[in-house]
Amino acid sequence: IDLLALVLHPMYSALWYQRRVHGVKDKSKKINGGATFKTSKGAPQVLLKLVEQAGGCDATMKEAIEKDVTELGKRGIRAIAVAKTDEQGVWRMMGLLTFLDPPRPDTKNTVMLSRENGVAVKMITGDHLLIALETSRVLDMGGLIKTGEGLPLLDPKTKAKPDNLSRDYGDLFLAADGFAQTYPEHKYLIVEGLREQGYRVGMTGDGVNDSPALKRADVGIAVYGATDAAKAAADIVLTEPGLSTIVDGILISRRIWCRVRSFLTYRIAATLQLLCFFFISVFAYRPNEYMPKGWRTDPEFMDTKEWPPFFHMPVLMLMLITLLNDGTLITIGYDIAVAPKTPPRWNMPFLFSMAFVQSFVAMISSVFLLHVLLHSWDEGSLLRLVGLGGISYGKITSSVYLKVSVSDFLTLFSARAGGDWFFMVKPAPILLCGAMVALSCSTCCAMFWPKSYPDHIQTEGLVESPPYMLEVFVWCWSLLWWFAEDAAKVFCRWIVHKYNIFHINNTGEMELTDAAKKLQVELQKGLENPSGGHH
C-alpha cells in the first residue's frame with residue numbers, strides 16, 4: 001500500500017473527514033476524468049470486507065493489509081483505512097492513515113483507584129484487537145479481550161434486544177476484561193446485559209457511537225471534548241481533560257451515602273425510642289401509686305397535689321426535644337464520613353434491625369430511669385443510696401425530659417459510626433458544636449425550668465429545690481447506657497456479618513460465576529495467537 005501516494009492524493013483532506021460513504025466529484029477533472037466517485041474511511045477490517053466483497057482486492061493484497069494492521073497494532077499505532085471507487089464503481093483500497101492515540105496520563109491511575117474501590121473496569125472499543133490488547137497492557141486492565149464476533153446484536157427489524165440477554169451472554173460480559181472491534185449496538189447490549197445481572201453500570205464515552213450505551217447506563221459520563229450527542233445522552237459531562245474526576249465523584253457519592261445512612265439510622269432509632277418509651281410508660285406506670293403513704297401529712301413530701309394517674313410529659317418539652325435535637329442535626333450534612341472500599345448497597349432490613357437494637361437499649365434505659373425515679377421515696381431505693389431520694393414529681397418530669405433528650409442525641413454518635421465503636425470515627429467539628437449546643441440547652445432547660453403546670457403536668461427545674469445534683473445522676477445514667485447501646489450495636493453487627501444475615505456480606509463488587517471463570521480460560525487460550533484477529 002503506497003502511503004506516500006495517499007498523502008499526496010488531492011482528495012486526502014476530504015477522505016480524512018468522511019465517516020460515511022459519500023459521492024465526490026472532482027471539478028478539476030484530475031481524478032477519474034471528473035466523474036463522480038465514492039469514498040469511505042473507517043476501521044481496516046470493515047473496509048477490507050467492503051473492498052473484498054466488491055472484488056477490489058485479491059488474497060495477496062488482503063494478506064498485506066492485515067499484516068500491516070497487525071504490525072502497527074503491536075506497536076500501539078492505530079490505523080484507519082481509506083477506500084474509493086474506480087471508473088467501474090468497484091471499491092479499491094487506497095491506503096492506511098496511521099496515528100497515535102495513547103491513553104491520558106491519569107487513566108492508568110484512575111483504573112487502579114477504581115479497582116481499589118471495588119469498581120470493575122472494562123474496555124469497549126471499536127479499535128482493532130491488537131490496539132485493544134496494547135491499550136489494556138499499558139493500563140494494566142487485564143489481557144482477556146474479546147472481539148465483536150459472537151457478541152449479540154439488536155434485531156434487524158424491530159431493533160429489540162435479544163431475549164434472555166443476560167442468561168446467554170452474561171457470563172461472557174463478566175469474564176472478558178474488554179471488547180474490541182465492536183459496534184455501537186454491542187456497547188449498548190453489554191451495558192444492558194450487565195444491568196440485567198443486577199450490577200450498577202457506569203459508562204464513559206465521547207462519540208456519537210457511544211450515545212446509546214451512555215443513555216442506557218446507570219451513570220453515563222461524557223468526557224471532555226465529547227460530541228453534543230454524547231453530552232445529551234450522558235448524566236454527567238466532564239468539563240476538564242482526564243478521568244480522575246470520576247474516582248473523586250465515586251468517593252464523594254459514597255461519603256454522601258454514609259451521611260444519609262447515619263441520618264436514617266438515627267432518625268429511625270430516635271423515633272422508635274420516643275414512641276416505645278411513652279407507649280410503655282403510659283400503660284405500665286401509674287405515678288399516683290408510687291406516692292408515699294400519708295403524703296398529705298408527710299413534712300418531707302413537697303408536692304401539694306396528687307400525682308397523675310398515668311405518666312405523660314408536657315407538649316412543650318416534646319417540642320423542645322424536636323427543635324434542639326433535630327434542628328442541630330442539620331450539621332450531619334457536614335460530618336466526616338469515610339467512603340467504603342466497596343460499592344455500598346441499601347439493605348433496609350439490616351438498617352431497620354440495627355436502628356431497632358439502638359432504640360431498644362435507649363428505650364429500656366429510659367423506662368428503667370423512670371422506674372428508679374418513681375421509687376425515690378422507697379426505703380433502700382437506688383436514689384436514696386446515692387443521696388438523691390425523695391424527689392418531687394416535677395423533677396421526675398424534668399429528669400425524664402433530660403434523659404430522653406440526651407440519649408436521643410447520643411444515639412446519633414453511635415449511629416454515624418456504622419459497625420465501629422463511636423470513638424473510632426472522628427466527628428466533624430461542626431457536628432460537635434451542634435451537639436454541645438443541643439445538649440447544653442436541654443440540660444439548662446431541665447435544670448432551671450420554673451415550677452409550673454404546663455398541660456396540667458407538674459414540672460420543676462432540677463436545681464429549684466433539694467435534692468441537688470440530680471442532673472449529674474441523669475447524665476451519668478445516660479452515658480453508661482450509651483456505652484451499653486454502642487456495645488449492643490457492635491455485637492449485633494458482628495453477628496450479622498459472621499452469619500451473613502440479611503445477605504449483608506454481599507457487596508456490589510463484580511463476582512465471576514463458575515461459567516464465567518471457564519470462559520476466561522477459553523479466552524486466554526484464544527488470545528495465544530492474536531494475529532488471527534478472531535477470538
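Predicted model: local features only at pLDDT ≥ 70, side-chain atom pairs only at ≥ 80, totals over all residues.
Me: Why is Tyr 266 called buried?
Reply: Buried means under 20% relative accessible area, exposed means over 50%, and partly exposed is in between (1.4 Å probe, protein chains only). Tyr 266 has 0%, so it counts as buried. Tyr 266 sits in helix H11, helices being DSSP runs of H or I with at least four residues, numbered from the N terminus.

Me: What does Tyr 266 touch?
Reply: Contact means heavy atoms within 4.5 Å. Leaving aside neighbours within four places in sequence, Tyr 266 is in contact with Asn 325, Asp 326, Leu 329, Asp 408, Thr 411, Leu 412 and Ala 415.

Me: And Thr 107, buried or exposed?
Reply: Thr 107 comes in at 10%, so it's buried. This residue is in helix H5 (residues 107-116), and it touches Leu 139 and Leu 243, not counting residues up to four places away in sequence.

Me: How do you know that Cys 444 has no disulfide?
Reply: A disulfide is a pair of cysteine sulfur atoms within 2.5 Å. The closest cysteine sulfur to that of Cys 444 is in Cys 441, 6.7 Å away, so that's too far for a bond. For Cys 476, the nearest cysteine sulfur is that of Cys 444, 17 Å away, and Cys 476 is in no disulfide either. The structure holds zero disulfides.

Me: What makes Glu 192 and Arg 195 a salt bridge?
Reply: A salt bridge is a side-chain nitrogen of Lys or Arg within 4 Å of a carboxyl oxygen of Asp or Glu. Here the N to O distance is 3.7 Å, and the pair meets the rule. They're three residues apart in helix H8 (residues 184-196), so about one helical turn separates them. Glu 192 has 4% relative accessibility and is therefore buried, while Arg 195, at 25%, is partly exposed.

Me: Which other pair lies about one turn apart in a helix, in H17?
Reply: Asp 486 and Lys 489, three residues apart. Their side chains meet in a salt bridge at 3.0 Å, N to O, and both residues are buried. The whole structure has 14 salt bridges.

Me: What makes a group of residues a nonpolar core?
Reply: A nonpolar core is a set of buried Ala, Val, Leu, Ile, Met, Phe, Trp, Tyr and Cys residues joined through side-chain atoms within 4.5 Å. The largest one has 56 residues, and Phe 277, Trp 307, Phe 311, Ile 396 and Val 400 touch the most other members. Its largest share, twelve residues, comes from H15. Apart from it lies another core, of 38 residues, among them Val 111, Val 121, Leu 139 and Phe 179. In soluble globular proteins, nonpolar side chains tend to be buried together.

Notes. Residues numbered from 1 in each chain as written. Heavy atoms only, no water. Helix = DSSP H or I, 4+ residues; strand = E, 2+ residues; numbered from the N terminus.
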